[in-house]
Amino acid sequence: MPVLACRVDAAVAPPGYAAFTAGDSSLAAAVPFSSSTTATAASDDSISAKWSPAHSAALYRVDSWGAPYFAVNDSGNIAVRPYGSITLAHQEIDLLKVIKKVSDLKSVGGLGSQFPLIVRFPDVLKTRLESLQSAFEFAIQSQGYESHYQGVYPVKCNQDRFVVEDIVKFGSPFRFGLEAGSKPELLLAMNCLCKGNPEALLVCNGFKDAEYISLALLARKLALNTVIVLEQEEEVKLVIDLTKKLSVRPVIGLRAKLRTKHSGHFGSTSGEKGKFGLTTNQILRVVKELHGSGMLDCLQLLHFHIGSQIPSTALLQDGVGEAAQIYSELVRLGANMKVIDIGGGLGIDYDGSKSGNSDLSVSYGLEEYASAVVNAIRVVCDRKSINHPIICSESGRAIVSHHSILIFEAMGAAAPTTPTMDQINIPTIMEGLSEDARADYWNLSDAAMRHDNETCLFYADQLKQRCVEQFKEGTLGIEQLGAIDGLFDLLTKMIGGSEPVRTYLVNLSIFTSIPDFWSIGQIFPIVPIHRLDERPAVKGVLSDLTCDSDGKIDKYIGGETSLPLHELDGDSGGGVNGRYYLGMFLGGAYQEALGGVHNLFGGPSVVTVLQSDGPQSFAVTRAMPGSSCGDVLRAMQHEPELMYNTLKHRAEEFCGFDAAVLSSSLAHSFHNMPYLELASSCSLIAMNNSGFYYCKEEDYNAALVECGTSEDEQWSYCVA
């Protein structure tokens with residue numbers, strides 16, 4: 001029986017690695033973000049010794065999508081630069097140190113937060129807000145524009161109380177306001193703006209009924225600078241009628257459907273067939289209706305929306321110029337116009353490509369965006385000899401995306417199982433093969449001896465398929481099928497096929513924490529937050545905890561279908577207790593509000609971190625636990641307290657003396673988060689006793705004391 005012989009040609013390094021293989025440790029060129037990069041790097045241990053944080057920064061494009069807020073520090077960890085480009089070296093925050101602080105047990109000085117975890121940086125939020133304001137102020141001053149910029153934050157992007165309150169507080173010096181699109185959003189906006197600048201705008205968008213309009217008019221009575229934006233023609237009659245009943249003089253805006261439209265996914269809400277806004281004829285009828293009611297002076301704002309993630313300033317100027325024409329016509333028709341609201345659309349660069357041809361990127365920065373807007377409005381107004389309006393924008397995504405990072409753990413990985421040649425029993429394989437399969441084997445062996453790799457792989461694949469068919473027919477045993485699979489994997493590896501992509505199990509629900517990836521294919525930067533001074537040796541995809549085939553991330557920035565990752569190697573590698581942490585960046589907009597409870601995985605824990613002058617450069621100012629099992633059950637109309645009592649009584653009936661400790665374990669399960677917990681981190685360790693698993697009594701009692709609950713209040717105890 002001949003032994004298979006395959007020639008393994010020397011792998012050729014891709015251009016980005018030429019310097020490494022030549023012995024030059026300098027970063028001569030950007031490292032390609034590609035699968036071949038990882039495969040080639042894995043074949044040369046000498047590269048590992050020369051790998052540096054700069055190589056990882058290039059590999060993961062951190063300096064492209066992350067600048068100026070994220071970088072890789074000298075320790076190989078992701079660093080947060082809370083003040084952007086003006087952040088001083090001692091103000092940088094090591095993200096791994098934050099994770100250690102918030103995840104360590106309280107007994108060792110940590111906060112005991114569970115994963116997954118959202119880390120918010122209000123300093124980044126403040127910097128983004130101020131940068132947007134500064135960009136418009138510079139454009140206005142440099143172009144001689146004779147009015148000012150006054151933005152609003154659309155709360156739909158992230159309705160979290162502390163996010164909205166921070167935006168109102170940070171934006172108060174420059175009259176930054178809020179935009180609401182529903183009744184509950186209007187209520188929260190009204191409440192938050194009571195502490196804001198009295199001149200800040202409260203823009204009321206969305207479809208409206210009598211209650212919505214009444215709330216907006218009430219806000220006007222409460223001295224909030226409220227504008228009711230008409231989305232449908234029918235709303236004007238409601239506004240007129242309710243204004244008379246409530247004796248409130250409103251400020252009215254209208255949303256125009258522009259002809260300008262961009263072709264990407266986010267452009268579907270714009271154009272003549274868009275979901276929102278009034279056509280030209282509808283605008284004319286609304287003006288006539290208001291004039292007939294003696295309320296044309298109330299019409300003061302024009303709103304439009306080209307679409308989110310506007311890719312280029314050329315498209316932006318086209319749309320803003322069209323809207324400015326409508327604005328000037330409304331002035332001519334007698335409306336008391338004061339504000340032009342350009343809506344959202346200010347995009348962010350998710351993949352660092354600076355491309356104007358992708359939903360993942362934009363070809364401009366804040367300064368170019370503001371300059372294009374101001375110029376387009378100024379040109380039209382000067383041509384029409386009308387006063388320059390206040391410029392308002394609803395730039396939610398651009399404000400909140402950077403300030404929030406989702407951190408999650410890799411809990412395990414499917415290790416490669418390719419056997420060695422001496423582990424493959426050729427005689428055993430041959431015993432049960434059909435004549436055709438035997439012929440494939442001989443052809444395969446002959447091709448291998450001739451070093452004809454292409455033919456070798458052809459017959460190997462054909463042999464494998466024939467064996468699968470034999471197994472289905474019951475003429476081949478599972479041991480022989482497994483041996484054939486091993487032979488095929490070995491040949492593929494020896495001949496130089498690509499390294500198998502490993503699946504990393506991550507402690508996360510994509511449907512809950514990254515819903516845009518599942519629903520619309522939105523890609524976010526995902527990067528290990530530590531060990532970036534080590535060469536990543538594995539190509540991986542991320543699989544979440546849900547029982548759903550869609551619960552995986554297999555698309556990454558740069559058009560990649562795998563992510564360079566490190567081996568999960570226990571306590572080595574610079575992690576925290578041997579853990580491997582990944583971060584999803586630029587996800588501060590929409591993800592929390594859109595997330596569901598698929599498989600009853602609830603929302604993540606949330607911590608807030610501020611830059612400080614202490615030894616670690618940060619302070620954790622707020623920590624909120626994620627949804628517990630009881631919380632998500634309650635969200636689906638179950639009653640956890642009654643469920644607990646039912647199970648407790650069942651334990652008393654069937655478990656005798658073990659009932660008490662089993663009930664304690666049940667209570668813990670209801671109060672714990674649904675996600676996985678590493679045994680080494682759990683403050684309540686499961687111990688076996690007569691077939692039942694329950695928490696150690698001393699740990700359980702300690703938890704009761706810490707939370708201030710008594711033995712007969714087991715249900716309400718908490719575990720950090």
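Which residues point one way from strand 19 (residues 581-584), and which point the other way? In the predicted model examined here, Tyr581 and Gly583 are directed to one side of strand 19, whereas Leu582 and Met584 are directed to the other, and all are buried. In a regular strand, side chains alternate between the two faces of the sheet.

Strand 19 is paired with strand 13 (residues 404-413) in the antiparallel sense, through four bridges. Within this pairing, glutamate 409 lies opposite tyrosine 581 of strand 19. Strand 15 (residues 526-528) is likewise antiparallel to strand 19, and three bridges connect the two. Here isoleucine 526 is placed opposite methionine 584 of strand 19.

At the level of the whole protein, 26 helices and 23 strands are found. Of the 720 residues, 52% are buried. The accessible surface amounts to about 30900 Å², and carbon and sulfur atoms account for 52% of that surface. When contacts between residues at least 6 apart in sequence are considered, 74% of them connect residues at least 24 apart.

A parallel arrangement is found around strand 10 (residues 299-303). Five of the five residues of strand 10 are buried, so the strand is largely enclosed by the rest of the structure. Strand 9 (residues 252-255) runs parallel to strand 10 and is joined to it by four bridges. Leucine 254 has leucine 302 of strand 10 as its bridge partner. Strand 10 also pairs with strand 11 (residues 339-341), again in the parallel sense, over three bridges. In that pairing, histidine 303 is set opposite aspartate 341 of strand 11.

Antiparallel pairing is found in an open sheet of three strands, arranged in the order 1-2-3. The edges are formed by strand 1 (70-72) and strand 3 (93-94), each of which pairs on one side only. Strand 2 (residues 78-80) is connected to strand 3 by two bridges, and the two strands run antiparallel. Valine 80 is located opposite isoleucine 93 of strand 3.

Helix packing is illustrated by helix 13 (residues 313-332) and helix 14 (residues 366-384), whose axes lie 9 Å apart and meet at an angle of about 35°. The crossing of helix 13 past helix 14 is right-handed. On the side of helix 13, the contact is made by Thr313, Leu316, Gln317, Val320, Gly321, Ala324, Gln325, Ser328 and Glu329. The residues contributed by helix 14 are Glu368, Tyr369, Ala372, Val373, Asn375, Ala376, Ile377, Val380, Arg383 and Lys384.

The cysteines were also considered. A disulfide is a covalent bond between the sulfur atoms of two cysteines. The structure contains zero disulfides. Cysteine 204 is buried, its relative accessible area being 0%. Cysteine 629, by contrast, is partly exposed, because its relative accessible area of 22% lies between the limits of 20% for buried and 50% for exposed residues.

Definitions and conventions:
Residues are numbered from 1 along each chain as its sequence is written. This is a predicted model: local features need pLDDT of at least 70, side-chain atom pairs count only at pLDDT 80 or more; totals for chains, interfaces and linings use all residues. Side-chain values use heavy atoms; hydrogens and water are left out. Two strands pair if DSSP finds at least two bridges between them. A disulfide is a pair of cysteine sulfur atoms within 2.5 Å. Buried means under 20% relative accessible area, exposed over 50%, partly exposed in between (1.4 Å probe, protein chains only). Contact means heavy atoms within 4.5 Å. Accessible areas come from the Shrake-Rupley method with a 1.4 Å probe; for residues, only the protein chains shown count as cover. Axes are lines fitted to C-alpha atoms, for helices over the stretch in contact, and angles run from 0 to 180 degrees between N-to-C directions. A crossing is left-handed if the near helix is turned anticlockwise from the far one by less than a right angle, and right-handed if clockwise.
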